[in-house]
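Trainee: I am new to this structure. Please show me how to read its features, one by one.

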Amino acid sequence: MKAAGVVAISDDGRPVMNARVMRRAMEFARSFDLPVIDHCEDLNLSAGGDMHEGYESVRLGLRGIPASSEDVMVARDILLAQLTGARFHVAHISTRNAMAMVAFAKQGGLPVTCEITPHHFALTDAQMRPYDSNFKMKPPLRTAGDTSAVVEGIVGGAVDAIATDHAPHPGSEKMQEFEKCPFGILGLETALGLALEHLVHPGKITLAKLVALLTIGPAQVLHLDRGTLRHGAPADVTIFSTDSAWTYDVNASFSKSRNSPFDGHTFRGGPVATIVGGSFVWKRD
Ligand SMILES: [Zn+2]
């Protein structure tokens, strides 16, 4: 698989519950110098929950997914990374404790990295539109305390990348009762606008830092020679504005589905054109 171009292995969507299996996976991955990208969730603690467990889940009468469901797996896999020497990457980190543990592991010199999604720094569980399945994802939207902790992780350098966890689901699946519909939302087209709104415009990070989190940050996690404008590098480029106003219309989206909580949101700044392999593939009107 590595010879065929595999750049990482992952259990995203189906977390490995057996620690011995994860240990073996990390040992194999290390022997090929591949990172292990984990969806950190203890399914026994999640126990069929639909949103973050806390005041809001009680208020709405929905089953909760505790923050500890993520925390115990991040702790386990940091320890297994220490045991095996494998590169361990936390997908879509969302809790205060997980962020603290990743920062601690990095300080200790372990090869641990993490990413955060735009919706996890842009929204909290209290901001969900009740029973709207466009707010249902895993990990679930967390509390304001968790959100501020992961933003502090970005500011302080403990977060390596912004990644969208882009998850299209057709309306036939998503437009059901909250308990029945699948987890996940769109993310690609709103990622840059949300990052500008929540990170750059409020002055939390510089524009250069944001660009790094979307380009060389993920490239370094995967040990890929990408994400630069260097002569000879792959010409995959997003041209963007930091200031122009645009409104996201999910029905005009290029994604195959319509499951976004940001439909109708007006952004300040966002993509203007995208170039893939040296050719323009999209331009804003
Ligand atoms: Zn996942």
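Mentor: Start with a helix pair. Helix 4 (residues 67-84) and helix 5 pack with their axes 9 Å apart, at an angle of about 15°. Helices here are DSSP runs of H or I with at least four residues, strands are E runs of at least two, and both are numbered from the N terminus. Axes are lines fitted to C-alpha atoms, for helices over the stretch in contact, and angles run from 0 to 180 degrees between N-to-C directions.

Trainee: How is helix 4 oriented relative to helix 5?

Mentor: The angle makes helix 4 roughly parallel to helix 5. Angles under 35 degrees count as roughly parallel, over 145 as roughly antiparallel, 65 to 115 as roughly perpendicular and the rest as oblique. Helix 4 passes helix 5 in a right-handed crossing. A crossing is right-handed if the near helix is turned clockwise from the far one by less than a right angle, and left-handed if anticlockwise.

Trainee: Which residues make the contact?

Mentor: Helix 4 brings Glu70, Asp71, Val74, Ala75 and Ile78, while helix 5 brings Asn97, Ala98, Met101, Val102 and Ala105. Contact means heavy atoms within 4.5 Å. The general idea: an α-helix has 3.6 residues a turn, so residues three or four places apart point the same way.

Trainee: What should I know about the model itself?

Mentor: It is a predicted model: local features need pLDDT of at least 70, side-chain atom pairs count only at pLDDT 80 or more, and totals for chains, interfaces and linings use all residues. Residues are numbered from 1 along each chain as its sequence is written, and side-chain values use heavy atoms, with hydrogens and water left out.

Trainee: Which helix does helix 10 meet, and at what angle do they cross?

Mentor: Helix 9 (residues 191-200) and helix 10 (residues 207-214) have axes that come within 11 Å and cross at roughly 140°. They are therefore oblique to each other. Their crossing is right-handed. Leu192, Ala195, Leu196 and Val200 of helix 9 meet Leu207, Leu210 and Leu214 of helix 10.

Trainee: Which residues are the protein donors of the zinc ion?

Mentor: Donors are N, O and S atoms within 2.8 Å of the metal (3.2 Å for Na, K and Ca); water is not among the atoms, so sites may look incomplete. Here they are Asp12 (OD), His39 (ND1) and His92 (NE2), 1.8 to 2.1 Å from the zinc ion. His39 lies in the loop between strand 2 (36-38) and helix 2 (43-46), and His92 in the loop between strand 5 (88-90) and helix 5 (96-107), so the pair ties together parts that are 53 residues apart in sequence. His39 is buried at 6% relative accessibility, and His92 is buried at 2%.

Trainee: How many disulfides does the structure hold?

Mentor: A disulfide is a covalent bond between the sulfur atoms of two cysteines. The cut-off is a pair of cysteine sulfur atoms within 2.5 Å. The structure holds 0 disulfides. The sulfur of Cys40 is 10 Å from its closest cysteine sulfur, in Cys114, too far for a bond. Cys40 is buried at 7% relative accessible area, and Cys114 is buried at 0%.

Notes. Buried < 20%, exposed > 50% of the residue type's maximum accessible area, 1.4 Å probe, protein only.
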